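Reader: I'd like a close look at one part of this model, with the pairing spelled out. Could you walk me through it?

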Amino acid sequence: MSDGSDNNPDGFNLSQLTQTGAGKVRMPFVTRMRNYFLTGLIIAAPLGITAYLTWSFVNWVDEWVKPFIPVRYLPETYLPFPIPGVGLIVAIFFLIFLGAATANLFGRTLIGYGEMMLGRMPLVRTIYRGLKQIFETVLSNTGSSFQKVCLVEYPRKGIWALAFISTDTRGEIAARAPDGTKMVSVFLPTTPNPTSGFLLFVPESDVIVLEMSVEEAAKLVISAGLVVPPTPEEKVDAIEDAPTHGKRPARDKPAKIREPSA
């Protein structure tokens with residue numbers, strides 16, 4: 001099995017940074033301190049950034065929601081310290097209540113009148129309809145969006161780019177495809193920010209479906225190719241090498257992948 005050094009330009013990984021013992025040449029003190037520092041950074045940085053983003057989101061929601069909550073209902077009114085997340089909890093319950101209210105005839109009628117009023121406002125209706133369509137599409141297709149990773153030739157023949165298969169192309173684009181070619185809609189992300197990219201409509205025959213997960217592909221894009229996921233064969237070998245405690249792991253057969261055409 002590969003130890004991952006081929007995919008690391010610096011020639012080390014987390015396990016190698018702190019590996020010492022028999023059979024290893026004793027490293028200089030400065031090199032050991034450098035490796036320990038990098039190991040600590042690899043462990044602490046993702047945790048710290050995740051905690052910071054989560055804390056910032058909670059405080060952002062609190063700043064929006066708390067002004068609408070009566071002061072007598074705020075915990076800090078009775079406690080000597082504020083409790084973060086109260087606004088987020090109230091916002092979650094409000095959204096649940098709003099969704100439940102629209103499930104009956106009265107709620108649907110009220111929402112219908114509200115949308116009719118917005119539909120008569122020249123600028124507001126364009127923004128509202130666009131945002132509503134985006135949210136409906138994303139949330140209704142959460143279980144099926146970006147479930148496959150693929151390779152497409154972009155920006156020209158012979159150069160391959162990593163992309164996410166969104167759905168089969170529908171509507172006028174599919175109807176006007178030359179010779180009735182079946183098209184698929186793919187999202188081609190940019191590096192290192194995968195939230196921006198390009199929407200491409202590609203013939204299904206020109207798409208190479210990969211076995212890596214969406215999360216693995218996102219890591220590959222964000223790291224600019226430094227974090228390379230293992231191949232299907234390496235995953236199977238890792239499962240077979242893992243302790244089974246008397247149980248034999250099931251070996252999944254890797255799906256056939258179409259080779260790029262010459």
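Reader: Which residue is the bridge partner of Glu153 in strand 2?

Author: It's Trp160 that pairs with Glu153 there. Keep in mind that this is a predicted model. Strand 1 covers residues 148-153 and strand 2 covers residues 160-168; the two run antiparallel and are joined by six bridges. Together they make a hairpin, with six residues between the strands. Look in the turn for Gly158, whose phi is positive, about 95°.

Strand 1 has another partner too: three bridges join it to strand 5, again antiparallel. Here Leu151 has Ile208 of strand 5 as its bridge partner. Glu211 counts as partly exposed because its relative accessibility is 30%. On the surface, Glu211 belongs to a patch of negative charge, together with Glu233, Asp237 and Asp241.

Another joins the side chains of Lys132 and Glu115, at 2.4 Å from N to O. Lys132 is in helix 5 (residues 122-140) and Glu115 in helix 4 (residues 105-118), so this pair ties together parts 17 residues apart in sequence.

How values were computed:
Residues are numbered from 1 along each chain as its sequence is written. This is a predicted model: local features need pLDDT of at least 70, side-chain atom pairs count only at pLDDT 80 or more; totals for chains, interfaces and linings use all residues. Side-chain values use heavy atoms; hydrogens and water are left out. Patches are made of residues with over 30% relative accessible area and no salt bridge: like charges are joined within 9 Å, nonpolar side chains (Val, Leu, Ile, Met, Phe, Trp, Tyr) within 5 Å. Accessible areas come from the Shrake-Rupley method with a 1.4 Å probe; for residues, only the protein chains shown count as cover. A salt bridge is a side-chain nitrogen of Lys or Arg within 4 Å of a carboxyl oxygen of Asp or Glu. Lys and Arg count as positive and Asp and Glu as negative; His and the chain ends are not counted. The place of a charge is taken as NZ of Lys, CZ of Arg, CG of Asp or CD of Glu. Buried means under 20% relative accessible area, exposed over 50%, partly exposed in between (1.4 Å probe, protein chains only). Two strands pair if DSSP finds at least two bridges between them. Helices (H or I, at least four residues) and strands (E, at least two) are DSSP runs, numbered from the N terminus.
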